[in-house]
Each structure stands twice: as C-alpha cells, then as structure tokens.
Amino acid sequence: MFEDFPATLGSPTQGKGYRGIVLAAQANYYWVQLDDLEAQGGPWDRRQLLCTRRTRLKKIGQQVMVGDQVWVEEPDWAGGRGAIAQVAPRQTVLDRPPVANADHILLVFALADPALDPYQLSRFLVKAESTGLRVSLCLNKRDLVTPATEHHWIERLQQWGYQPLCISVRARTPWPTLKAQLRHHITIISGPSGVGKSSLINCLIPEADLRTSQVSGKLGHGRHTTRHVELFTLPTGGLLADTPGFNHPDIECSPATLALCFPEIRRRLQAATCQFNDCLHRDEPGCAVRGDWERYGHYQRLLTEALAHQETISQQTQSESTLKGKTTAAGQVHHEPKLNVKKYRRPSRRRRNQALQDLYHDLLADAELSEEIAWEDDS
Ligand SMILES: Nc1nc2c(ncn2[C@@H]2O[C@H](COP(=O)(O)OP(=O)(O)OP(=O)(O)O)[C@@H](O)[C@H]2O)c(=O)[nH]1
Ligand SMILES: [Mg+2]
Ligand SMILES: [Zn+2]
C-alpha cells in the first residue's frame, strides 16, 4: 500500500515522516498507531500519536477514515502529536461502521442467551457477505450448552456452507484458534446484542482500556461513551473493530447480489445454470437453485425485501429526474414537477394584436425565466 506514496515524501530513513494506521477519529483529530517505529527510526515507546490533518489534504477534500494507512509528518514525540500528510489508496471501504481497509468480518452469535435464531443468523450472514469481505462465524457461550447442542449447530451450519468456531469468552476456549483467525487482518466484529462481542474484545485485548483512557484524557470522551468506531490492536497481531449490537440488519442489496450471498446458491450455480439469465430462483422454469435445501425459505423471504429495496431505489431515481426539491422556510423538502419552460410559459396578452411586440415580450419572459432557473440551480 505504501509503495503508492510519492517518493518526494521521503522515506523513514530520511527522517521526514512515519507510516501508521488510523485507530480512532473524532472531530478533526486522529489517533495514529505508527508501524514498527524502531525500524522507522522513531522512539520505541511512542507508538501512538494524536494527529491533525494537513491543510493541503483538507483543500483537496481528502477525508481520513479509521483504518486508513497514513503518512505522519513532524512528530512531536514529547507532546505525542503529529500531522497526517498523506493517505494511502484504500483497499476496501465500509459504510457502517465507517472503516477503511477492513478485510474480514467476524460474525459473533451466541449458542444460548440469547437463543440462536437461524433466520436472524441468515440476515447477518447475508449482510456480511454482501460487503465482499471474508466472513467467518463464531458461536459464543458454549459453556451454556451441551456438547450435543454444539455439535448440532456445527453440522447444521456446515450444510449452509460455513465452518463455525464454537467459543466461550468466559472459559477462554479455544483461544489459540481464534487468535490465529484474527492475525494479520483488520476484522470487524458484528452480531446481535448480548452475544458477547465487547466481552470478546476485552478478553483478547487487555491493553484496550489503557489506550482508551488516553483517548479519554485527550479528546474528552471515554470508550463507552463514544459512538465512534475504533480499532483495537491484538497483541498477537491484527486489528479489531467492535460494532454496537443491532438485531435486524437491513437487506439493501440487489436480488442478483442476494443470491450470491448464499454459499448454497453459489455452489448450485457452479454445478448448473438456470434456464433464464435473470432468474430470481422463485418459480421460473429450469431453475437450478430452487429446491429442498434448508435456507431456501430464508432466501425467498429476503428476496422479497431485496425486490422492495430495488423498487424504492428505482422510484427515487425516477422522482429525482421528474421532480425538483424545494426547501420551505421550515426546512422541509417538497417535491414538485420540474418546470417545462416551453409548456408552462405564460402567453402574452397582446399576442393576437401586436405580433412584433409579443415577440419582444416572449423574449423578455424567457430571459427572466432562465435567470430564475439559474438562481434555483445555485441555491
Ligand atoms: N455464559 C457466558 N456469558 C458470556 C460469555 N461471553 C459474554 N457473556 C455475557 O454476555 C453478556 C453480553 O455480553 P456483551 O459483551 O456486552 O455483548 P455484546 O455482544 O457486546 O452486546 P451489545 O454491546 O449489546 O451488542 C454479558 O453479561 C457477558 O458477561 C460467555 O462465553 N459465556
Ligand atoms: Mg458491546
Ligand atoms: Zn434460478
């Protein structure tokens, strides 16, 4: 990634700047963790700097996101400050949570408390798959269920195309396997409320609180009061972002993307093709997907939502092209038909009698109207 930085910025050995990754962002401040500081020639005990964004970046509209690989200049080691001078091209960008360069989603569900709801799990899996990132699945609270229940879920989810890892944050099992899954990745932890996502991060990263207490001191907010996304560094390698628990992720992908979010459908489409290219895998003849597999019902339910979403988008696009938005004094936006200049132009009262004068009035009206339109476009 850093090979993309212009050579004029210098290199760590020339002492001009330092590479790092943005761990947290708030207002116009960024916590940047510098890479391998000793190798870059910086002091070993100052890995994190509170940075601003160079004015030049602001001028070109270059935003800085959590997860961005950045180049920091003019470090003030004693004060723990620096300035971000460059942002490396992003490999991936997520909207919710807003994180750059994430490459892995770890979906956490609980085997019990709250009970595992297969349809909810499908929704989360589809949402995660629709990002295009690698998805893995953890089932927490194995200490609350029998080995038979655990086994049942593993076998069932294998049929779905997943290889779930059953863990217990409370009993810290099986920690080495989990850590190995997270090493070398920027992982977003997602899942419903109460399944143990935050407990998992707290267990894996005891230092997290230490660093957030620094954030708290500098930015005036503690970790548990901030709603901003933050990356935590695993001592064994890798970065983790927690997300607030929510129970009903929206399905906002197209019907075609939805189908590809099911490993079972991918598998079926690899083995055979549907008769129609735009098959929605409902009741079309010659469909290679429709059939007796467990999650086919989930696919049908989610397809209804994906189609509804598609309809909303196309209605919005249509109304944007035929309606114009007018903002009232109260700040509400009303949509009204765009004026068709020719059709709605007010006819001159004197047209019948004085052709020449009418023409003059017409021209005048056109000029005033185009001024009005120009003014509306500016506002
Ligand atoms: N028995 C058991 N309880 C656990 C385990 N892991 C977490 N818990 C408990 O589950 C509850 C919820 O844990 P959290 O870490 O707050 O869950 P979360 O997923 O972050 O929830 P939200 O922040 O609401 O999304 C807490 O009471 C934890 O102590 C586990 O392995 N076994
Ligand atoms: Mg939490
Ligand atoms: Zn089909």
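The model is predicted, so local features need pLDDT of at least 70 and side-chain atom pairs count only at pLDDT 80 or more, while totals for chains, interfaces and linings use all residues. Residues are numbered from 1 along each chain as its sequence is written, chains are lettered from A and ligands numbered from 1 in the order in which they are written, and side-chain values use heavy atoms, with hydrogens and water left out.

**The zinc site**

- Four residues coordinate the zinc ion (ligand 3): C274, C279 and C287, each through SG, and H281 through ND1, at 2.1 to 2.4 Å.
- Donors here are N, O and S atoms within 2.8 Å of the metal (3.2 Å for Na, K and Ca); water is not among the atoms, so sites may look incomplete.
- Along the sequence, the donor residues of the zinc ion (ligand 3) follow the spacing C-x4-C-x1-H-x5-C.
- Both C274 and H281 are buried, a term for under 20% relative accessible area, with exposed meaning over 50% and partly exposed in between (1.4 Å probe, protein chains only).
- H281 sits in the loop between helix 9 (263–271) and helix 10 (296–322); helices (H or I, at least four residues) and strands (E, at least two) are DSSP runs, numbered from the N terminus.
- Why does H281 count as buried? Its relative accessible area is 6%.
- Although H281 is not a glycine, its phi is positive, at about 60°.

**Around ligand 1**

- Which residues are closest to ligand 1? They are D143, V169, S193, K197 and S199, out of 16 residues that surround ligand 1, where a residue qualifies if one of its heavy atoms lies within 4 Å.
- By class, this shell around ligand 1 holds four nonpolar, eight polar and four charged residues. Ala, Val, Leu, Ile, Met, Phe, Trp, Tyr, Cys and Pro count as nonpolar, Asp, Glu, Lys and Arg as charged, and the others, Gly among them, as polar.
- Helix 6 (residues 197–204) supplies the largest share of the shell around ligand 1, with three residues.
- A nitrogen atom of ligand 1 lies 3.1 Å from a polar side-chain atom of N140.
- An oxygen atom of ligand 1 is 2.9 Å from an N or O atom in the side chain of K141, and an oxygen atom of ligand 1 is also 2.9 Å from a polar backbone atom of S198.
- Taken alone, ligand 1 exposes 660 Å², and the protein buries 71% of that.

**Backbone features to look at**

- As background, most residues other than glycine have a negative phi, and most peptide bonds are trans.
- R96 and P97 are joined by a cis peptide bond, with omega about 0°; P97 is in the loop between strand 6 (93–94) and strand 7 (99–100).
- The peptide bond from T173 to P174 is cis too, with omega near -20°, and P174 belongs to the loop between strand 10 (165–166) and helix 5 (175–182).
- H184, a residue other than glycine, has a positive phi near 70°. H184 lies in the loop between helix 5 and strand 11 (186–190), and counts as exposed because its relative accessibility is 70%.

**A glycine in strand 1**

- G17 is part of strand 1 (residues 17–26), and counts as buried because its relative accessibility is 0%.
- G17 and A85 are 68 residues apart along the chain, and 8.7 Å separates their C-alpha atoms.

Terms used
Polar contact = N/O pair within 3.5 Å; in protein donor to acceptor, adjacent residues only side chain to side chain. Areas by Shrake-Rupley, 256 points an atom, 1.4 Å probe, with all protein chains shown as cover.
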